[in-house]
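Welcome, and thanks for taking a look at this one. Please open the sequence and the fold side by side, and then read on for a short tour.

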Amino acid sequence: MTLVTLKDVLQPALRDGYAVGGLVCLGWEDMRAYVAAAEAENCPVILQAGPGCRAHTPLPVLGKMFRHLAEEATVPVVAHLDHGYTYDECSEALDAGFTSLMFDGSRKPLVDNIKETLQIVEMAHRSGISCEGEIGFVGYSGGEESAGTDPGEAAQFAAETGVDAMAISVGNVHLQQDKEGGLDEPRIAAIQAMTSVPLVIHGGSGVPIAQRNHLAKNTNICKFNIGTELRMAFGAAMRDAVNSDPERFDRVSILKETHDPVMAAARTVLRNLKG
Ligand SMILES: [Zn+2]
C-alpha cells in the first residue's frame, strides 16, 4: 500500500530539489502505464482525474482504480482530483478515496477564491488529505487567455488558505502541443521570494524539457502537470495499432499495444523532473 497525499510527495521534492509528475489520466490503460513508468524510474507519481476524465468515468470508479494501482505499487502514488470547481465535487472525490483535491477558483475574484479554497482546505485537512489551489489564471491554447500570477496575491492566497500546493500562471498554457512556450523565471523567483508553498505548473507539456529540469532542480516548483504530451503518445500508439490490422475489432488487443509507448513517454517525463 503506497497510497499517499500530495503533501507527502511535494515536501520531500521541495526539500531535495526535484519535481513530481502530475500525470493526466483518461482511463485504465494510461493510469496503469504511468504507475509502471514511476516504478521503472523509482519515483513517486500523481495520478490526476480532470474534468474530461470525470465526464467519461464516474469519480467513485476512478477513486477505486487509483487506489487499486496504489495498493499494488512499489512507489508512492497520489490519487488527485484535478480542477474541482465546486465544494460538492471535491467532497465527492474525498468520499471516493482521493488523497488530494485541487480546487480551481482561479476564475473568481481573489476574495472569493481565497474564501472558497479555504473551505476545501479545511475539508481536506480534517480528513488527513491535501489541497492544491490556483492563483492567477492558466489559460487554454486556442481558448481563454491567461492572467499572470501576482506575487503579492500569491503570498496572500497561500497564507490565508493554508494550501499544500499552489498552481501559478507564469507563461504556462493548457493543451499546448509544442514545447516552445517557456516560463517567466523572474516571476517565479518573485513568487517564491514571498511564499514557501510548493508551486505547481499546469500545462507542463508546453514547457521545454530542459527548462522543466532546470526549474525542478532550482526553484520551488515541485509538480508539473503533464497531459497533452502523454495523450499524443497514446493517440499515436492506438492509431498504429488500429491501422496495423483492419480486421481486428477486439479493443483489449488494440489497447494493449498502447502500454509500452505510453509507459516509455511517461518514463521520459518523470526522468526529466528528477533532481
Ligand atoms: Zn490545469
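Leu47 is in contact (heavy atoms within 4.5 Å) with Leu23, Cys25, Met31, Tyr34, Val35, Phe66, Leu69, Val77, Val78, Ala79 and His80, leaving aside its neighbours within four places in sequence. Keep in mind that this is a predicted model, where local features need pLDDT of at least 70, side-chain atom pairs count only at pLDDT 80 or more, and totals for chains, interfaces and linings use all residues. Residues are numbered from 1 along each chain as its sequence is written, and side-chain values use heavy atoms, with hydrogens and water left out.

**Nonpolar cores**

- The largest nonpolar core holds 72 residues, and those with the most contacts inside it are Leu23, Leu47, Phe98, Leu101, Met166, Ile168 and Phe224.
- Helix α2 (residues 28–41) gives the most to this core, with seven residues.
- Another core lies apart from it and has twelve residues, among them Val4, Val9, Val20 and Ala165.
- A nonpolar core here is a set of buried Ala, Val, Leu, Ile, Met, Phe, Trp, Tyr and Cys residues joined through side-chain atoms within 4.5 Å.
- Buried means under 20% relative accessible area, exposed over 50%, and partly exposed in between, with a 1.4 Å probe and protein chains only.
- In soluble globular proteins, nonpolar side chains tend to be buried together.

**Overall build**

- The chain has twelve helices and nine strands, taken as DSSP runs numbered from the N terminus (helices H or I, at least four residues; strands E, at least two).
- For 275 residues, a compact globule would have a radius of gyration near 19 Å, and the chain agrees with its 18 Å; the radius is taken over C-alpha atoms, and the rule is 2.2 Å times the number of residues to the power 0.38.
- Along the principal axes, the C-alpha atoms fill a box of roughly 60 × 40 × 35 Å.
- Of the 275 residues, 56% are buried.
- Among contacts with a separation of 6 or more, 71% join residues 24 or more positions apart.

**Ile46 in strand β3**

- Ile46 is found in strand β3 and counts as buried because its relative accessibility is 0%.
- Ile46 and Val78 are 32 residues apart in sequence, yet 4.6 Å apart in space, C-alpha to C-alpha.
- Beyond its neighbours within four places in sequence, Ile46 is in contact with residues including Leu6, Val9, Leu10, Val20, Leu23, Val78 and Lys223.

- Most residues other than glycine have a negative phi.
- Asn42 is not a glycine but has a positive phi of about 50 degrees.
- Asn42 is found in the loop between α2 and β3 (45–49), and at 62% relative accessibility it counts as exposed.
- His83 is not a glycine either, and its phi is positive at about 55 degrees.
- His83 is found in strand β4 (residues 77–84), and at 4% relative accessibility it counts as buried.

- Val61 is in helix α4 (residues 59–72) and counts as partly exposed at 37% relative accessibility.
- Val61 and Pro44 are 17 residues apart in sequence and 22 Å apart in space, C-alpha to C-alpha.
- Ala264 lies in helix α12 (residues 259–271) and counts as partly exposed at 41% relative accessibility.
- Ala264 and Asn225 are 39 residues apart in sequence and 17 Å apart in space, C-alpha to C-alpha.
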